[in-house]
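Please look over the sequence and the model below before reading on. The paragraphs after it lead from one part of the fold to the next.

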Amino acid sequence: AKEKNQSILLVDDEADILDALYDTFYDDYKVFKANNAQEALKILAENPIDLIISDQRMPQTTGVEFFTQVNELYPRAGKVLLTGYADLQAIVDAINKGSVDKYITKPWAEDQIAKIVLEVLNTRLRKSIEERKTIETQLVQSAKMASLGEMVAGIAHEINNPLSFIHANLGNLNKFITKVLDLVETYDKLDMSADVKGEINKAK
């Protein structure tokens, strides 16, 4: 049996159209069928769906309204709308808003709808690959920044240790220098022979 890696959801209230679409895609895709938007949303919630084909004119809701809802919940799914010529303006508006990828006017040819479905699936797949590459690049960059942060923290730690030691001993150093300077000043005040003063000056 042929492995079916991609799935299609068909949504139409007319059984004959559903059956015709099912026969078109069954050999190449995993196919689900729904008679209305509510049933379709239930299938979407329970199964990973790559592409949805929906009729525009259905009871309770239009295909455009259904796809607008789908776009919010399942933005990665491709969306192809079946429509009559009377609904073309609504379809164009939906495409411009990003709610629908492609539309097919009735009646359609089997090779025409198969080509459009393949085109939408390939476009969605390319977009998904590009998004994944972008995420991978961001993750690599984040990992680099994390490593750099660890290195900088390590260097800062190595610098801080001797600096802390020096800073902690500056008070003692000041006391020692004061004592030395006091001693030198004391020698300067003493009454000594020229030879002794000469030796002291050399030492200073």
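Predicted model: local features only at pLDDT ≥ 70, side-chain atom pairs only at ≥ 80, totals over all residues.

Residues are numbered from 1 along each chain as its sequence is written, and side-chain values use heavy atoms, with hydrogens and water left out.

Rolling a probe the size of a water molecule over the atoms shows where empty space is left. A pocket is here an open set of points on a 1 Å grid over the protein atoms alone, where a 1.4 Å probe fits and protein lies on both sides within 12 Å along at least five of seven lines; lining residues have an atom within 4 Å of a point. Grid points are joined across faces, edges and corners, and a volume is the space filled by probe spheres set on the points. The largest pocket has a volume of about 440 Å³, and of the 19 residues that line it, Asp50, Arg76, Ala77, Arg124 and Ser128 are the closest to its centre. Helix α5, residues 110-189, contributes the most to this lining, with eight residues; helices (H or I, at least four residues) and strands (E, at least two) are DSSP runs numbered from the N terminus. By class, the lining holds nine nonpolar, four polar and six charged residues, where Ala, Val, Leu, Ile, Met, Phe, Trp, Tyr, Cys and Pro count as nonpolar, Asp, Glu, Lys and Arg as charged, and the others, Gly among them, as polar.

Lys79 lies in strand β4 and counts as buried because its relative accessibility is 0%; buried means under 20% relative accessible area, exposed over 50%, and partly exposed in between, with a 1.4 Å probe and protein chains only. Thr83, in strand β4 (residues 78-83), is likewise buried, at 1%. Leaving aside neighbours within four places in sequence, Thr83 is in contact (heavy atoms within 4.5 Å) with residues including Gln56, Leu88, Ile91 and Tyr103.

Ser54 belongs to strand β3 (residues 51-55) and is buried, with 0% relative accessibility. Beyond the neighbours within four places in sequence, the contacts of Ser54 include Phe66, Val80, Leu81 and Leu82. Phe66 is also among the residues touched by Leu44, as are Leu9, Ile49 and Ile52, again not counting residues up to four places away. Leu44 sits in helix α2 (residues 37-46) and is buried because its relative accessible area is 4%.

Tyr29 is placed in the loop between α1 (15-25) and β2 (30-34). The C-alpha atoms of Tyr29 and Lys189, 160 residues apart along the chain, are separated by 107 Å.

How many aromatic pairs does the structure hold? There are three aromatic pairs, and one of them, Tyr22 with Tyr26, is stacked, at 5.1 Å centre to centre and 25 degrees between the planes. Rings of Phe, Tyr and Trp (its six-membered ring) pair if their centres lie within 6.5 Å, and planes under 30 degrees apart count as stacked, over 60 as edge-to-face and the rest as tilted. Tyr22 is partly exposed, at 25%, and Tyr26 is partly exposed, at 39%.
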